[in-house]
Amino acid sequence: MSKPTDLVQGTLDLLLLKILALEPLHGWAISLRLKSISGDVLQVSEGSLYPALHKLEQEGWIKAEWKQTENNRRAKFYSLTRLGRKQLESETANWTRLSAAITRIVHLSEV
Amino acid sequence: MWLERWWFTVPLRVRSIFRGGQLERELDEELQFHLDHKIEEGIAKGLSMEEARRAALRSMDGLEQRKEEMRDARRIHWLTDFLDDTRYAIRSLRRSSGLSAFVVITLALGIGMSAAGFSMVDGLILRPYPVPHPADVVSLVSTSRDDAFGDFSYREYLDIRRQTKSYDGVVASGAMQTVGFSANAGATPRVRGGMLVSANYFRVLGVEPQLGRGFRDDEDQVAGRDAVVVLGRDFWNHEFGGDPSVVGRTVRLNGIDFTAIGVAPESFPGLLIFSRPDFYIPLAMERLFSTSPQKDFFEDRDDRQLSVKGRLKAGATLQQARSELAVIAQNFEREYPKINRDRGAAVRTQLEMRTRDDQTEWKFIVVFAVLAIAVLSVACTNVAGLLLSRAQTRTREIAVRLAMGAGRFRLVRMLLTETLVLACLGGLGGVGVAYGAIRFFHTLSIPTELPTFIPFQLDARVLIASVALSMVSAVACGMAPALQGTRADLVNGLKASGVDASGRKRLWSRNALVVAQVAMSLMLLTASFLMMRGFHHGVAAAAGFAKDHLLMSGFDPRLVQYNAAQTQRFYQHLVERVRATPGVQSAGLTRNPPLGLGEFGRIAFVPDDFQMPRDRENFTSSMDTVDDGFFETMGVPILRGRGILRSDTADAPRVAVVNEQFAKHYWLGADPVGKHIRLDGRTGASIEVVGVARTVTYRQTTERPTDFVYVPLAQHPNPRMILLVRSAGDPHQLIDPLKDIVRSLDANLPMSDTRTYEDVYRYNAVEGPGAGIEIVAVMGAVGLVLAIAGLYGLVAYTVSRRTREIGIRMAVGAAPSDVLRLVMSTGLVLVGIGTAIGLAMGFTLEQVMNSTLFNAGGVDIAAYLMVVPSMFLITMLAAYVPARRASRIAPTEALRYE
């Protein structure tokens, strides 16, 4: 089985922040959400998901809380912090700029 | 932004550090939660339980690595690594516990001595004044040719205070003086210490009385009007048990009723180093102390008794203050040419005041500190050498670690952690050693009438210094071995642990260590030897007068308000009755006996028949005021002419006795008896020199011969005198008869310091300096033992590393004696170089010590003759034992030797 294309460096952070901006989720739900939203185009290795989440937590962008799931199990729910919201805004802006530039370049080369 | 970040992240780090176990459990639980779902999903897809489980684990791409990544995300691995290193270090140090113990003890001695040294340097030189913004407080001093740190007179102080603009305030204080204190009018006064201060003293220094108030300006305006006193904190505690109602109460000082208006705070024990005033009294109450009936404190501009300090204004520079004061001093000189000729003024910082050239305590302390640092360097060199040897035996271990991918930086860190652990243990022991050394100084009882405060303490500053010293020594002794150890060449390192791979460089650094140790210990040895010799030389030479069978006791009739005539009568009767007592051979009066505890007065004079330098108004000399019984009682021989006689009364022609040194100084070759000196200046009163006394040691046993003048008490009245009584038998038996005599003369008059002269002498001339010298000697010995141990280890190690080489040499035909010569010659060269350097350092040190501390007289050849050969002998022994062993090994064995 070939590995899914690695995400552009730093993009995973942006995706995670965006997903958590919508609602607090636990790790498993985040992985499901990632798959469903991106329609399997972006495959995130489940292995790299948790280190990424922990890194974001240590940066102070998201915070974790142990809560009961609907199945009555304890799970670690992540949610965005105020700092994370700022980070999301700036990373979104960055991404928009970057992708716009790349799109322009890609189109140029076709002409 | 930064702040906000920290707000979120700091609690996380703290949690990572202290709740590691819980985080670990949470981490497992979180991943388990994910895996369980994954397995469920797999089963739903139709996999078996086992297959689903395996698939789930696979999807994590290596669970353990992920966990490690997540731990790294916590960003405390520097700490966890450090803790791991520490644990590892403790384990590996425990394995070689003998070596570790030796290293720790070595470092403890070095660090402890240095910390004690720091505590003393701090107490005597560095510790700031106990006032707010102490750096702004400067001293204003009157300077003359003979004295760069002189006091000002009251009038001069007032002028300076009025004319300067650089200060927020200028304060004046007198010297600490004895005061007769009684809590009520009836009680016999007890001797305490008091100090005259200007009314603005506390205000300008920024000291808020802990109780009551400080002085008001109007309390220092009229001489003798406002008898108010501020009590020292310690005195208030001891005498009044810290009773707050003391404010407003009346206390009797030298027979005058004073009102206590306040208590100085605990934070302010005064500005003196060795003593703490019990009373602060306004300058206007000076008559309480007036010592010289001839001079008027408030009017005479040359009655210089006040030390003046100012607090620099914000924005005023030291430079401005200096030029401002210089102008004032010039004006003084112009307005009062007679008494201010050649006299200037200077502003000095606290550091300048504490490192004055004319005081020896701080110099001794600095020498002590330097020697302590030398001991520490020897200790560090020693430890470095040991660790270097140890690192070499660990070459294989290090090579394995490097081969497995450990970074060099990481390994250096690991090895440094080991030395850090050692140094911390050493530092801990060092604090104990420092505490012991400081306690030792506190156990010296100093027989002064006012308590002497020993400023050495183990406070936060000293502890911080100890920690810093430990860190520095950890790096100093760990860096070289760590760097060298990790430079290991992998291939060779793994192949054979025993071979000295990159020989030359390593040998070089080890050789340097040997040289450094020899040099350092030689210097230490020279210094301690020199001090011992100088000291014993001085003590032996101090036998210029008799020290035994002498009783002394101090009197100050001012304490009971005697006027000049009463005082004179009292001393006359006292001496007469004492001389008439059975068992008394003779009795005399002096202001301060030789090697006593007080200060000698100074006399300014112009000698007849001596060509005065053009730019000098007069010369000065130490002097003592004595009566007709002094020379006989003290046993100071009169070599020419006569001593002081009863007939030298106030009305008789004025006379003086000078010492041999004085006579040689001014009238070399001529007969001094019959010559005259003029007091103060060319036009002053003429005094005839009637006798020459033997030159003895006056202040310290180690001093150079100094000029000295004796003048008769009757012609120079002085209230505070010390009675010397020479006894036929045990002087202690005269104490009671003496007390009876004094009681019969005046029951209220306190006697102070009644003890045998021998006690005072033993402390002041023998035990006091002796204690310091003992400590230096101990340091020298410790340094030497450390150096020998280190030297032996290093040389022996070097030889043992060459066992294989020696085997080869012997296999191809070298005789044991050749081998011995080979090994010994290397040792000899190293010791030779070390000795040369050590001699150079020792010689420099000797020059410095001779010129500053005492006069041991030129280069002490004997010291070197003893030190150098013994050093050589020891080193040769250190080289010989292993060399001999090496030369006896069978070649076959040596070749196999690893």
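This is a predicted model: local features need pLDDT of at least 70, side-chain atom pairs count only at pLDDT 80 or more; totals for chains, interfaces and linings use all residues.
Leaving aside its neighbours within four places in sequence, which residues is H34(B) in contact with?

H34(B) is in contact with G27(A) and W28(A), once its neighbours within four places in sequence are left aside. The residue itself lies in helix 2 of chain B. Is H34(B) buried or exposed? It counts as buried, because it has 24 C-beta neighbours inside 10 Å, and the cut-off for buried is 20 or more. One more distance for this residue: the C-alpha atom of H34(B) is separated by 9.9 Å from that of M60(B), and the two residues are 26 apart along the chain.

Next, the contact between the chains. On the chain B side there are 21 residues, and they are in contact with 17 residues of chain A. Three elements of chain B each give two or more residues to that side: helix 1, residues 2-18; helix 2, residues 20-44; and helix 4, residues 63-73. Helix 2, where H34(B) lies, supplies the largest share, six residues. By type, the side of chain B that touches chain A divides into nine charged, seven nonpolar and five polar residues.

Now chain B as a whole. The chain has 898 residues, of which 42% count as buried. You will find 27 helices and 24 strands in it. If we take the contacts in chain B between residues at least 6 apart in sequence, 81% of them join residues at least 24 apart.

My last item is a pair of helices within chain B. Helix 6, residues 97-126, packs with helix 16, residues 460-485, at an angle of about 140°, and their axes are 9 Å apart. That angle makes helix 6 of chain B oblique to helix 16 of chain B. The crossing of these two helices is right-handed.

Which residues meet there? From helix 6 of chain B, we have L107(B), G110(B), I111(B), S114(B), A115(B), F118(B), S119(B) and D122(B). Facing them from helix 16 of chain B are R461(B), V462(B), A465(B), S466(B), L469(B), S470(B) and S473(B). The residues of this helix contact divide into seven nonpolar, six polar and two charged.

To go back to the opening question: H34(B), in helix 2 of chain B, has G27(A) and W28(A) as its contacts beyond four places in sequence. That is the end of my part.

Methods
Residues are numbered from 1 along each chain as its sequence is written. Chains are lettered from A and ligands numbered from 1 in the order in which they are written. Helices (H or I, at least four residues) and strands (E, at least two) are DSSP runs, numbered from the N terminus. A residue is buried if 20 or more other C-beta atoms lie within 10 Å of its own, exposed if 12 or fewer, and partly exposed in between; C-beta atoms are placed from the backbone. Two residues are in contact if their C-beta atoms, placed from the backbone, lie within 7 Å. Ala, Val, Leu, Ile, Met, Phe, Trp, Tyr, Cys and Pro count as nonpolar, Asp, Glu, Lys and Arg as charged, and the others, Gly among them, as polar. Axes are lines fitted to C-alpha atoms, for helices over the stretch in contact, and angles run from 0 to 180 degrees between N-to-C directions. Angles under 35 degrees count as roughly parallel, over 145 as roughly antiparallel, 65 to 115 as roughly perpendicular and the rest as oblique. A crossing is left-handed if the near helix is turned anticlockwise from the far one by less than a right angle, and right-handed if clockwise.
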